[in-house]
Amino acid sequence: MSTLEPGQGTGTGTLVEPTPKLSHGDGDHERFAHYVQKDKIMASALDGTPVVALCGKVWVPGRDPKKYPVCPLCKEIYDSMGPGGDKGGKDKK
């Protein structure tokens with residue numbers, strides 16, 4: 001993705017490379033805590049099987065969910081659910 005700048009009357013150009021945006025963080029800035037059924041989290045903790053969040057994300061939980069903001073889509077789905085329905089409840093993970 002470089003652009004060619006015309007030189008001044010020489011007929012040649014200078015190759016200009018865009019400056020990449022570097023992140024010096026820990027890489028977790030795009031992570032969210034997701035809502036998952038408690039029994040699924042327990043099973044995942046015991047045997048390492050992936051879980052499916054309300055938003056559809058599939059992964060094996062391994063980080064402290066309290067360190068991350070709640071996934072906006074999971075929150076929207078959870079808030080639209082009526083009381084009851086899931087006896088296991090929902091949990092952030």
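The mean pLDDT of the protein chain is 74, and 57% of its residues reach 70 or more; pLDDT is the predictor's confidence in each residue, from 0 to 100. Colour the chain by this value and select residues 22-29, where the pLDDT is below 50. Beyond near neighbours in sequence, this stretch has three contacts in the model, a contact being heavy atoms within 4.5 Å. Where pLDDT is low, the predicted coordinates should not be read in detail.

This is a predicted model in which local features need pLDDT of at least 70 and side-chain atom pairs count only at pLDDT 80 or more, whereas totals for chains, interfaces and linings use all residues. Residues are numbered from 1 along each chain as its sequence is written, and side-chain values use heavy atoms, with hydrogens and water left out.

**Whole chain**

The protein chain holds two helices and six strands, in the order β-β-β-α-β-β-α-β along the sequence. These elements are DSSP runs numbered from the N terminus (helices: H or I, at least four residues; strands: E, at least two). Of the 93 residues, 17% count as buried; buried means under 20% relative accessible area, exposed over 50%, and partly exposed in between (1.4 Å probe, protein chains only). Among contacts between residues at least 6 apart in sequence, 46% join residues at least 24 apart. With a surface display on, the chain exposes about 7,400 Å², and carbon and sulfur atoms supply 55% of that area (Shrake-Rupley method, 1.4 Å probe; for residues, only the protein chains shown count as cover).

**Tyrosine 35 and tyrosine 78**

Select these two side chains. A search of the whole structure finds one aromatic pair. The ring centres of tyrosine 35 and tyrosine 78 are 4.7 Å apart and the planes are at 10 degrees, so the pair is stacked. (Rings of Phe, Tyr and Trp, its six-membered ring, pair if their centres lie within 6.5 Å; planes under 30 degrees apart count as stacked, over 60 as edge-to-face and the rest as tilted.) Because tyrosine 35 lies in strand β3 (residues 35-37) and tyrosine 78 in helix α2 (residues 72-80), the pair ties together parts that are 43 residues apart in sequence. Tyrosine 35 counts as buried at 11% relative accessibility, while tyrosine 78, at 34%, counts as partly exposed.

**Cysteine 55 and cysteine 74**

Move on to the two sulfur atoms. A search of the whole structure finds zero disulfides, a disulfide being a pair of cysteine sulfur atoms within 2.5 Å. The sulfur of cysteine 55 is 3.6 Å from the closest cysteine sulfur, in cysteine 74, which is too far for a bond. Cysteine 55 is partly exposed, with a relative accessible area of 25%; cysteine 74, at 0%, counts as buried.

**Serine 44**

Select helix α1 (residues 38-47), where serine 44 is found. Serine 44 counts as buried at 5% relative accessibility. Leaving aside neighbours within four places in sequence, serine 44 is in contact with Thr49, Val51, Val60 and Pro61.

**Lysine 57 and arginine 63**

Display lysine 57, which lies over the face of tryptophan 59 at 5.2 Å from the ring centre (a charge sits over a ring if NZ of Lys or CZ of Arg is within 6 Å of the ring centre and within 35 degrees of the ring normal). End at arginine 63, in the loop between β5 (58-59) and α2. Arginine 63 counts as partly exposed at 45% relative accessibility. A C-alpha to C-alpha distance of 9.2 Å separates arginine 63 from alanine 33, 30 residues apart in sequence.
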